[in-house]
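Work through the exercises below with the model open. Each task is followed by a stepwise solution.

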Amino acid sequence: MLVARTSWKGLSVGSSVRLFTSYGLRSNKYVITDKFGVLREKYHTPKYPIVLCHGFSGFDTINFLSGFEVVDKYLETNGTKRLLGFELDYWRGIGVALQKLGCKVLVAQVPPFGTIKDRAKILEIFLELQCEMVKRTSKEEISYPIKVNLISHSMGGLDSRYLISKLQNKGINKKYQVVSLTTISTPHRGSEVADFFDDLVTAVSPLKLIAPHALYDLTTKSMTQFNKDIVDDPNVEYFSYGAKFVPHPFNTFYLTWCLMRYRITRAFKRENIKVPKIAIENDGLVSVKSAKWGNYLGTLDQVDHLDLINWTNRIRLAMDKFVWKRKPKFNAIALYSDIVENLAKRGF
């Protein structure tokens, strides 16, 4: 198993150039190509509940015809709700798959375009309420605080870090206790895509009326300060994954991938430094260097930002199969199954 013991806690460099020249992040030794291509027959499961935390613009589940009781009853009776597309799941079957393994899974919902601080506060309310329900419905005697494992995609990892650092130990009689955080392509040092749109909003004043405040939170400048203020808890284990791919023009993230490559390359050229190949590696929204935090478990190869939550581009799959004659080497459910097994083996 590819596990890096390098610690990235407290690293708060916003500049692509300084990050690579000062910290020497040039190694590709943790690239994962086909480890998560297929599901294994058996996985160990953790003893504490899993909390899935979504990213920017995310959600838990959307029911497109919710409120129409007649329609809901008809669809449920005929078992066609998911088939007809009236229900949209952010985690696209991942939560259900983990439950089938035997995990207790809680799917959080926070404001999709809220700031990190606001989202973290709602996440805490969610945890308090859910842990109360877990205790009430448990067949065994459980006492507070109830220990939980957070698994967070993208911005959800920043909400989780804020929660752990600023909220968890504030006050008394908390009903929850975070014992681990696994982040998946979280922009711990910001995103060059967020930098671009923040610059655009600054240049075009009317855009300030519609641009979400969370956009600035995700910039490299903002995250430099965030990493100074948000200190990791020594009682919590931090794990992370990053991802990279080289897109075909029909990929959802083709333009943003090119944008990230351009802005990172430009930063190096301004300093008259040759651009290391690893510097531009990204999943379309988050660079590999930005995704590293705590115990880095590896870089998922040829995987984009939506692949990570099982939203694989069907056109791309078809092209891979019929044009490029290659089988998919990544199964998101296999990744999350392995994540929970990692937690189980560590006693969580």
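The exercises cover a sheet, a helix lying across strands, and a helix pair in this predicted model.

**Exercise 1. State the strand order of the seven-stranded sheet and find its edges.**

Step 1. The order is β1-β9-β8-β7-β6-β2-β5. The sheet is open, and its pairing is parallel.

Step 2. The edge strands are β1 (31-32) and β5 (105-107). Each of them pairs on one side only.

**Exercise 2. Describe how β6 pairs with β7 and with β2.**

Step 1. Take β6 (residues 146-153) and β7. They pair in the parallel sense over eight bridges.

Step 2. Take β2 (residues 50-53) and β6. Four bridges join them, again in the parallel sense. Val51 is bridged to Leu150 of β6.

**Exercise 3. Is β7 mostly covered or mostly open, and which helix lies across it?**

Step 1. β7 spans residues 176-184.

Step 2. Helix α5 (residues 156-167) lies across β2, β6, β7 and β8 (237-244). α5 runs at about 150° to β7.

**Exercise 4. Classify the packing of α3 on α12.**

Step 1. α3 (residues 94-101) and α12 (residues 332-345) pack at about 45°, with axes 10 Å apart.

Step 2. That angle makes α3 oblique to α12. The crossing is right-handed.

Step 3. α3 contributes Ile94, Ala97, Leu98 and Leu101 to the contact. α12 contributes Ala332, Ile333, Tyr336, Ser337 and Val340.

Step 4. Sort these contact residues: eight are nonpolar, one is polar and none is charged.

Conventions:
Residues are numbered from 1 along each chain as its sequence is written. This is a predicted model: local features need pLDDT of at least 70, side-chain atom pairs count only at pLDDT 80 or more; totals for chains, interfaces and linings use all residues. Side-chain values use heavy atoms; hydrogens and water are left out. Axes are lines fitted to C-alpha atoms, for helices over the stretch in contact, and angles run from 0 to 180 degrees between N-to-C directions. Helices (H or I, at least four residues) and strands (E, at least two) are DSSP runs, numbered from the N terminus. Angles under 35 degrees count as roughly parallel, over 145 as roughly antiparallel, 65 to 115 as roughly perpendicular and the rest as oblique. A crossing is left-handed if the near helix is turned anticlockwise from the far one by less than a right angle, and right-handed if clockwise. Contact means heavy atoms within 4.5 Å. Ala, Val, Leu, Ile, Met, Phe, Trp, Tyr, Cys and Pro count as nonpolar, Asp, Glu, Lys and Arg as charged, and the others, Gly among them, as polar. Buried means under 20% relative accessible area, exposed over 50%, partly exposed in between (1.4 Å probe, protein chains only). Two strands pair if DSSP finds at least two bridges between them.
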